[in-house]
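This report describes selected features of the model shown below.

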Amino acid sequence: MSQGEVIILGGGPAGISALLWCHSLHLRGRLLERGEALGGQLLQMYHRLTDYPGLPGLLGVELRDRFVDHLAELALDWQAGCQVESVDLRSRTVRLAGEEISAEALILATGARKRSLGVPGEARLAQRGVSYSGTRDHTAYAGREVCVVGGGDSAIENCLILSRVCPRVTLIHRSDRFRARTSWLSAAEATPNIHFLPWTEVLEVVGDDQVEALRLRDRRSGDEYLLPTGAVFVKVGIQPNTDLFAGQLPLDPEGYLIVDGSQRTEAEEVYAVGDVTRPVCLSIATAVGHGAIAAKEIALRRLARSSV
Ligand code: NAP
């Protein structure tokens with residue numbers, strides 16, 4: 001196999017780390033990001049980082065800036081606003097408008113996006129009472145009675161943030177089993193203006209120009225009713241961005257790419273890193289580690305091929 005480019009699809013922390021590690025390991029890396037800027041989910045993190053080693057207190061966008069500065073110092077090859085039309089994983093061919101690239105190895109770092117409820121009214125009323133981030137939008141909805149949907153860390157974290165500025169926060173969850181960490185859940189339960197509505201499904205977001213109510217269904221009784229609300233914060237997890245690879249790789253039951261301990265997928269010289277693989281610990285640190293592992297594996301395999 002010729003010593004060609006390593007093409008990295010996706011410019012979040014995992015892809016950025018992979019590009020840096022390609023450089024360190026003398027691999028010719030090129031990163032393609034479809035968004036207008038690098039950063040991936042860092043661009044949607046509105047709280048300060050607490051657990052990224054050495055950089056406590058940074059905002060997501062500030063960490064992104066440091067990553068980009070690092071790429072610039074090394075004059076690495078990356079491109080944002082890049083529309084990949086298709087990818088053939090077997091031949092490792094990436095088609096862009098007006099360009100086709102054959103890669104020696106591919107690193108899939110396409111990340112994940114926030115999951116929506118997919119109910120009527122949700123998309124129409126986005127940013128008019130439907131929000132996907134209480135961390136970002138809590139001041140915009142201060143003083144209103146609001147709802148949060150979900151049962152994971154994000155939902156509980158949003159409830160706690162909103163409870164400081166809203167008179168009443170109703171947490172709507174489809175069961176009474178919470179994925180959220182116990183300490184946050186206990187704090188929410190002890191907060192007088194947070195009210196839990198378990199076993200409840202959102203059927204519709206109701207309102208003309210602004211969210212006015214949610215149409216809900218009690219999953220135990222089957223009863224449907226309207227709950228007036230000034231806003232709804234949808235915090236129902238994330239889903240992987242795998243559309244480009246549809247039908248080309250096996251997915252796990254939740255739709256994430258399956259990798260081995262070296263970030264290898266089932267396709268020859270195709271690796272996947274970061275949130276698109278459902279890491280055990282979903283974090284920036286994990287994504288960065290994945291990027292390093294994939295680049296190292298590519299370098300080791302190249303070395304093994306050249307020494308036979
Ligand atoms: P999550 O842990 O996957 O939880 C998603 C929640 O949404 C679950 O309770 C799930 O219910 C519910 N849900 C999923 N689809 C739904 C639907 N269509 N309708 C209604 N409810 C639905 O997601 P997350 O809370 O966004 O957290 C994601 C990751 O980020 C986690 O690893 C979390 O620990 C991490 N996180 C970390 C921090 C931090 O460290 N500061 C903050 C926030 C999040 P079921 O349980 O019934 O499936």
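## Arg 48 and its surroundings

In this predicted model, Arg 48 touches Gly 57, Leu 58, Leu 59 and Glu 62, leaving aside residues up to four places away in sequence. Arg 48 sits in the loop that runs between strand E2 (28-32) and helix H2 (60-73). One of its neighbours also makes a polar approach: the backbone oxygen of Gly 57 is 2.8 Å from a polar atom of the Arg 48 side chain. Arg 48 counts as partly exposed because its relative accessibility is 46%.

In soluble globular proteins, nonpolar side chains tend to be buried together. The largest nonpolar core here has 34 residues, and those touching the most other members are Val 6, Ile 8, Tyr 52, Leu 63, Ile 107 and Ile 284. At least two residues of this core come from each of strand E1 (5-9), helix H1 (13-24), H2, strand E7 (105-108) and helix H6 (284-306). H6 gives the largest share, seven residues.

Not counting residues up to four places away in sequence, Val 6 touches Cys 22, Leu 27, Arg 28, Gly 29, Arg 30, Ala 105, Ile 107 and Ile 298.

## Helix contacts

| Pair | Axis distance | Angle | Handedness |
|---|---|---|---|
| H1 and H6 | 7 Å | about 35 degrees | right-handed |
| H4 (153-163) and H5 (182-189) | within 10 Å | roughly 35 degrees | left-handed |

In the crossing of H1 and H6, which is right-handed, the H1 side of the contact consists of Pro 13, Ala 14, Ser 17, Ala 18, Trp 21 and Cys 22, and the H6 side of Ile 284, Ala 287, Val 288, Gly 291, Ala 292 and Ala 295. By class, the residues of this contact are 10 nonpolar, two polar and no charged.

For H4 and H5, where the crossing is left-handed, H4 contributes Asp 153, Ile 156, Glu 157 and Leu 160, while H5 contributes Trp 184, Leu 185, Ala 187 and Ala 188. The contact of H4 with H5 divides into six nonpolar, no polar and two charged residues.

## Further loop positions

Trp 199 is not a glycine, yet has a positive phi of about 55 degrees. Trp 199 belongs to the loop between strand E12 (194-197) and strand E13 (200-206), and its relative accessibility of 23% makes it partly exposed.

Gln 263 also has a positive phi, near 70 degrees, in a residue other than glycine. Gln 263 is in the loop between strand E17 (238-240) and strand E18 (270-272). With a relative accessibility of 5%, Gln 263 counts as buried, since the limit for that class is under 20%.

Glu 269 is likewise found in the loop between E17 and E18. Its relative accessibility is 2%, so Glu 269 counts as buried. The Glu 269 side chain makes a polar contact with the side chain of Arg 301, at 2.5 Å.

Technical notes. Residues numbered from 1 in each chain as written. Predicted model: local features only at pLDDT ≥ 70, side-chain atom pairs only at ≥ 80, totals over all residues. Heavy atoms only, no water. Helix = DSSP H or I, 4+ residues; strand = E, 2+ residues; numbered from the N terminus. Buried < 20%, exposed > 50% of the residue type's maximum accessible area, 1.4 Å probe, protein only. Contact = heavy atoms within 4.5 Å. Polar contact = N/O pair within 3.5 Å; in protein donor to acceptor, adjacent residues only side chain to side chain. Core = buried A, V, L, I, M, F, W, Y, C linked by side-chain atoms within 4.5 Å. Axes fitted to C-alpha atoms, helices over the stretch in contact; angles between N-to-C directions. Left-handed = near helix turned anticlockwise from the far one by under 90°. Nonpolar A, V, L, I, M, F, W, Y, C, P; charged D, E, K, R; others polar.
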